[in-house]
Amino acid sequence: MNSRVDIPVVLITGALTGIARATALAFARKGAKVVASGRHEGAGSALATELRTAGAEAEFVRADVRLEEDVRALVDATVKRFGRLDVAVNAAGTEGKPGPATEQTAESYAATFDTNVLGTILSMKHELRVMQAQGSGSIINISSTFGHEGGAGASIYAASKHAVEGLTKSVALEFGASGIRVNAVAPGPIQTPMLDRFTGSEDVKAYLATLNAQKRIGQPDEIARAVLYLASDDASFVTGHILNVDGGKSAS
Ligand SMILES: NC(=O)c1ccc[n+]([C@@H]2O[C@H](COP(=O)([O-])OP(=O)(O)OC[C@H]3O[C@@H](n4cnc5c(N)ncnc54)[C@H](OP(=O)(O)O)[C@@H]3O)[C@@H](O)[C@H]2O)c1
């Protein structure tokens, strides 16, 4: 987080479940001011209560990252409530429709790219608007090891995460001199609702665990801690970086 800011203001998209939820709770336990965003009001206000119990000033703001008006309003609501934006974690994502390339359609492409790629572009656009005026900020996009590897049965998802990594590096180059760092975390398989949907069975999940050096599925908290590092001043000279947090999967 930025050394000039005592209590950072953190915005997290897709925060109601999985990795982003764990990240919101981790920032809350550090005493950050947290805006958690997602598409469901009931779960959102329950999470805001949980974040306050964990020690944070926290709000839920409903937003679908595919819609620019939602994203604009989310960023504006963050600044209205907390006065600034120091850290943005763009985690909203979808696995799309797993299956071979021959089964993909224009619709499955759009459903995946609209959230994973357009959502990341729109989120960064509006986060940068605030961070540029401040002269500081840290953006962390959530990619995947499939963002720089092939993913058999997940070609559209892998392509969308390759785009997230290209965006991350490009925007880091564009805004580094403005005091803004832009990085991505690339998780390996992590125990979340998405992994359950993607694998569809414990057998497939167990097979995925064999593909990394530690021979296990990671936990959302292990990604959250990497995000906290990239958001912190400990990473003050780190930008345009894709941080694999994958139990060694990428080492092979
Ligand atoms: N779990 C893994 O193994 C793994 C590995 C590599 C990368 N990742 C990445 O990690 C990120 C978090 O995923 P996760 O594993 O924690 O799965 P998850 O629990 O399914 O989280 C994804 C979240 O994004 C939200 N979301 C989807 N579309 C949205 C939209 N258009 N606008 C706003 N929110 C939207 C979902 O909420 P709704 O209920 O509204 O759909 C959900 O809360 C994703 O970017 C994913 O690609 C996960």
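Helices (H or I, at least four residues) and strands (E, at least two) are DSSP runs here, numbered from the N terminus. Keep that in mind as we walk through this predicted model, in which local features need a pLDDT of at least 70, side-chain atom pairs count only at pLDDT 80 or more, and totals for chains, interfaces and linings use all residues. Residues are numbered from 1 along each chain as its sequence is written, and side-chain values use heavy atoms, with hydrogens and water left out.

Let's start with the sheet. Seven strands form an open sheet with parallel pairing, in the order β3-β2-β1-β4-β5-β6-β7. Two strands count as paired if DSSP finds at least two bridges between them. At the edges you will find β3 (57-62) and β7 (242-245), each of which pairs on one side only. Ignoring direction, neighbouring strands of this sheet are turned by 20 degrees against each other on average. Axes are lines fitted to C-alpha atoms, for helices over the stretch in contact, and the angles run from 0 to 180 degrees between N-to-C directions.

Now look at some of the pairs. Strands β1 and β2 run parallel and are joined by four bridges, and L11 has V35 in β2 as its bridge partner. Strand β4 (residues 87-90) also pairs with β5 in the parallel sense over four bridges, with V87 standing opposite S138 in β5.

How well covered is strand β5? Six of the six residues of β5 (residues 137-142) are buried, where buried means under 20% relative accessible area, exposed means over 50%, and partly exposed lies in between (1.4 Å probe, protein chains only). In a regular strand the side chains alternate between the two faces of the sheet. In β5, one side has G137, I139 and N141 and the other has S138, I140 and I142, all of them buried. Strand β1 is mostly covered as well, with five of its five residues buried: V9, L11 and T13 are on one side, V10 and I12 on the other.

Helix α2 (residues 41-53) touches β2 (33-38) and β3, and its direction makes about 170 degrees with that of β3. Contact here means heavy atoms within 4.5 Å. Helix α3 (residues 68-82) lies across β1 (9-13), β2 and β3, running at about 160 degrees to β3.

A backbone N or O atom of I19 lies 2.8 Å from an oxygen atom of the ligand. A polar side-chain atom of D64 lies 2.9 Å from a nitrogen atom of the ligand, and a polar backbone atom of A91 is 3.0 Å from a ligand oxygen. On its own the ligand has 880 Å² of accessible area, of which the protein covers 91%. These areas come from the Shrake-Rupley method with a 1.4 Å probe; for residues, only the protein chains shown count as cover.

T94 is found in the loop between β4 and α4 (106-134). A polar atom of the T94 side chain lies 3.0 Å from the backbone nitrogen of G96. Leaving aside neighbours within four places in sequence, T94 is in contact with A111, T112, T115, N116, Y157 and M194.

Let's finish around helix α7 (residues 202-209), where K205 has its place. Is K205 buried or exposed? K205 is buried, because its relative accessible area is 8%. The side chains of K205 and E202 are joined by a polar contact of 3.2 Å, that is, a pair of N or O atoms within 3.5 Å; within protein, one must be able to donate a hydrogen and the other to accept it, and residues adjacent in sequence count only if both atoms are side-chain atoms. Not counting residues up to four places away in sequence, K205 touches Q191, L195, D196, T199 and I217. Y207 also lies in α7, but Y207 counts as exposed, at 52% relative accessibility. In the loop between α7 and α8 (220-231) sits K215, which is exposed at 54% relative accessibility. K215 has a positive phi of about 55 degrees although it is not a glycine.
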